[in-house]
Structures are given as C-alpha cells and as structure tokens.
Amino acid sequence: MSTPYYESDDALAQYLWLHYAPAEPPPFPVRCVTETVDRDRLPARARALDLGCAVGRSSFELARWCNHVVGLDYARRFVEAATQLQAGQALDYELAEQGELRERFTARAPEGVDLARVRFEQGDAQALPNDLGTFDVVLLANLLCRLTEPKRCLARMKNLVRPGGQLVITTPSTWKQIHTPRENWLGGFTRDGVAVRTLDGLHAGLDPDFTLHQRLDLPLLIREHARKFEYIVAEATVWHRTDR
C-alpha cells in the first residue's frame, strides 16, 4: 500500500504544495469537499471520515461543516505534518525551481476552521479499527488505486456510512501492479471481450447498499518544478447510503 516514497522529504513537500499552496481554482483537496458533499444532507453534529487524508486539507475543509472529523492515513510523516498544522505550526518546505535551484514555501492550516474538530490518526484503510463508529460523510480521495486490496476497503463502507449518508470517492484509476495486483483492479481491463472500468468496479462493490448520485471530473496538478506539472483528472463519484 504505502511505499517509502510517501515517507520521503520530496513526497511531503509535494503534498504540502498540493494541499496548501495558494491556487485559483482552490486546491484539489478543497474541491473534493466543496464540489461533492451536499451540505443540506448533513445532520446537526455531523461526523466525517477522511480516508487517505495525506497532509490534512480535506479534513480541515470537512470540519467547516462537520462537528467531528477523523483524518486517517498510512504514511506516518503525512499524519505528523497534519497534526503539526492542526496545532497551529507553520511548516516550511522546499520544491525544485529548476535544476539545483530550490523554492521555499510555507504551509499553514486554513483560516476560519475550528481545528479542534479534527483528529488525525495513522492507519490502514484496508484494516480499519472496529471502533471508528459511523459517519455522515466518508471521503476516499485518490486512494483506491494505491491499495493492494481496494475491494476490501469498499466492503467496509456499508458499515461506516450511516443510512442516508454520503460516500465520496475520487480516483485517477492509475491501476498498476506495483500498487495493486492485477486480479484486484477495479477496472482498466477487459472481461469476456467487454471493457471494465473503475466505475463498473465501484458499482460491483457498493450496490445495492449505495446509489450513485453524481459523477464529475476533478482536475489537479502535481508540481515537479516551477515549469513542469503533471496534470491529472480524477473521476469523482458521490454515493448515497440507502435507507435500510
């Protein structure tokens, strides 16, 4: 699931930029919340779970609307960074500008958020603790195609999302055997001559406990250096837990 890369200085800096660099439109982790979650469906004192929270921006954004947010990630350094930001610390980091030149940035938790509403934990999305409870919103942002057993993660959703609750999944569907054995891919292959895509695998793993409410594209940029970025378009789907 997690590789040494996610514990490296480069990965931490890259994710801090993705989550906290000033951007227009807002950073991808913000849009994972603002463009998908139906605020009107949230009850008073709503609970949210951010699986694969990385360095925490989506967790903080969920805290604008939810009274209790659990952010969970497998990478120890990501969780430590998110916890430091929650404590009010500013985190300095560097990214390549060009060649050997480096550019310095500072990450801070967003303003206007009750940071006490968030709790960060290190954990495995494929082996979640049994005492997490249930949630009104569960977010899996660009996580599934980095898991060795994504179906195992999906199988837990019906017990984590409350009836009437929302499940938000974004994925670039980058299915590679270095992360996920081919037999565990949710899509990206043919079966009996028919193309199977990630959305098909999501339906197989979530129906009939969830109904698909919305599908949209969410673009993001990963910075390599000041003049080179990787452009990714994640497929976002919003699922509603059936009332039964």
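This is a predicted model: local features need pLDDT of at least 70, side-chain atom pairs count only at pLDDT 80 or more; totals for chains, interfaces and linings use all residues.
**Entry 1: terms first**

**Entry 2: the largest pocket**

I went to the pockets next. Which elements each supply at least two residues of the lining of the largest pocket? I found α1, α2 (28-34), β2 (68-73), β10 (210-225) and β11 (228-241). The space in this pocket comes to about 900 Å³. I listed 40 lining residues, and those nearest the centre are Tyr6, Tyr15, Asn142, Arg146 and Ile222. Sorted by class, the lining holds 23 nonpolar, 10 polar and seven charged residues.

**Entry 3: the second largest pocket**

I then looked up the second largest pocket, which has about 250 Å³ of space. Its lining is made of 14 residues, with Ala23, Pro25, Pro26, Arg31 and Leu221 nearest the centre. Here α1, α2 and β10 each give at least two residues to the lining. Which element has the largest share? I see that β10 does, with three residues. The classes are 12 nonpolar and two charged, with no polar residues.

**Entry 4: α1 against α4**

I turned to a helix pair. Two packed helices are described by the angle between their axes and the distance between the axes. For helix α1 (residues 9-20) and helix α4 (residues 76-86), I noted that the axes come within 10 Å and cross at roughly 45°. The two helices are therefore oblique to each other. The crossing of α1 past α4 is right-handed.

I wrote down who touches whom: α1 brings Asp9, Ala11, Leu12, Tyr15, Leu16 and Tyr20, while α4 brings Arg77, Phe78, Ala81 and Leu85. Eight of these contact residues are nonpolar, two are charged and none is polar.

**Entry 5: two backbone details**

Where does Pro208 sit? I found Pro208 in the loop between α7 (198-206) and β10. The peptide bond leading from Asp207 to Pro208 is cis, and its omega is near -5°.

Key. Residues are numbered from 1 along each chain as its sequence is written. Side-chain values use heavy atoms; hydrogens and water are left out. Axes are lines fitted to C-alpha atoms, for helices over the stretch in contact, and angles run from 0 to 180 degrees between N-to-C directions. Helices (H or I, at least four residues) and strands (E, at least two) are DSSP runs, numbered from the N terminus. Angles under 35 degrees count as roughly parallel, over 145 as roughly antiparallel, 65 to 115 as roughly perpendicular and the rest as oblique. A crossing is left-handed if the near helix is turned anticlockwise from the far one by less than a right angle, and right-handed if clockwise. Contact means heavy atoms within 4.5 Å. Ala, Val, Leu, Ile, Met, Phe, Trp, Tyr, Cys and Pro count as nonpolar, Asp, Glu, Lys and Arg as charged, and the others, Gly among them, as polar. On a 1 Å grid over the protein atoms alone, a cavity is a set of points where a 1.4 Å probe fits but cannot get out, and a pocket is an open set with protein on both sides within 12 Å along at least five of seven lines; lining residues have an atom within 4 Å of a point. Grid points are joined across faces, edges and corners, and a volume is the space filled by probe spheres set on the points.
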